[in-house]
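Trainee: Hi, could you walk me through this one? I'm new to it.
Mentor: Happy to, let's look at it together.

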Amino acid sequence: IHTCAACAVLFMAFATLVLEGRSLAELRVKIGKDYPSVQLYGWRLWPLAALINYRFVPLQFRVLFINLVALCWTTFLLLRAKRAQQLVAAAKPHPA
């Protein structure tokens, strides 16, 4: 499942940059810069979420719990991407 998630993250990065009209070179830089840390966060979150889910969450609430974790993960990714965009925008020189 982690391989599929990794592919999804890469695809979303690609799709976002294409939709924003950015180049393939920018995509390579973004993936090289962002992907390793995102993957590490994912390796920290998902095994812990699975452990909690299978050990402590009652059967009837397991899907709900994992969907809640997925919502938090997606929110984290979106906020991280938004923060990166704001940092890039702040670094650009403003016309006088």
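Mentor: We'll go from the overall fold to a few single residues.

Trainee: What should I know before I start?
Mentor: This is a predicted model, where local features need pLDDT of at least 70 and side-chain atom pairs count only at pLDDT 80 or more, while totals for chains, interfaces and linings use all residues. Residues are numbered from 1 along each chain as its sequence is written, and side-chain values use heavy atoms, with hydrogens and water left out.

Trainee: Thanks! How many helices and strands are there in the protein?
Mentor: The protein has three helices and zero strands, and its elements run α-α-α from the N terminus on. Helices (H or I, at least four residues) and strands (E, at least two) are DSSP runs, numbered from the N terminus.

Trainee: And how much of the protein counts as buried?
Mentor: Of its 96 residues, 15% count as buried. Buried means under 20% relative accessible area, exposed over 50%, and partly exposed in between, using a 1.4 Å probe and protein chains only.

Trainee: Is asparagine 53 buried or exposed?
Mentor: Asparagine 53 is buried, because its relative accessible area is 5%. You'll find asparagine 53 in helix 2 (residues 24–56).

Trainee: What is asparagine 53 in contact with?
Mentor: Leaving aside neighbours within four places in sequence, asparagine 53 is in contact with Arg62, Phe65 and Ile66. Contact means heavy atoms within 4.5 Å.

Trainee: New topic: how many aromatic pairs does the structure hold?
Mentor: It holds three. One of them joins tyrosine 41 and phenylalanine 76 edge-to-face, at 5.2 Å centre to centre with 75° between the planes. Tyrosine 41 sits in helix 2 and phenylalanine 76 in helix 3 (residues 62–91), so this pair ties together parts that are 35 residues apart in sequence. For the cut-offs, rings of Phe, Tyr and Trp (its six-membered ring) pair if their centres lie within 6.5 Å; planes under 30 degrees apart count as stacked, over 60 as edge-to-face and the rest as tilted.

Trainee: Which residues do the ring pairs link into a cluster?
Mentor: Tyr41, Trp46, Trp73 and Phe76. Tyrosine 41 is partly exposed at 34% relative accessible area, and phenylalanine 76 is partly exposed too, at 28%.

Trainee: Last one: where is phenylalanine 11, and is it buried or exposed?
Mentor: Phenylalanine 11 is in helix 1, and it counts as exposed because its relative accessibility is 53%.
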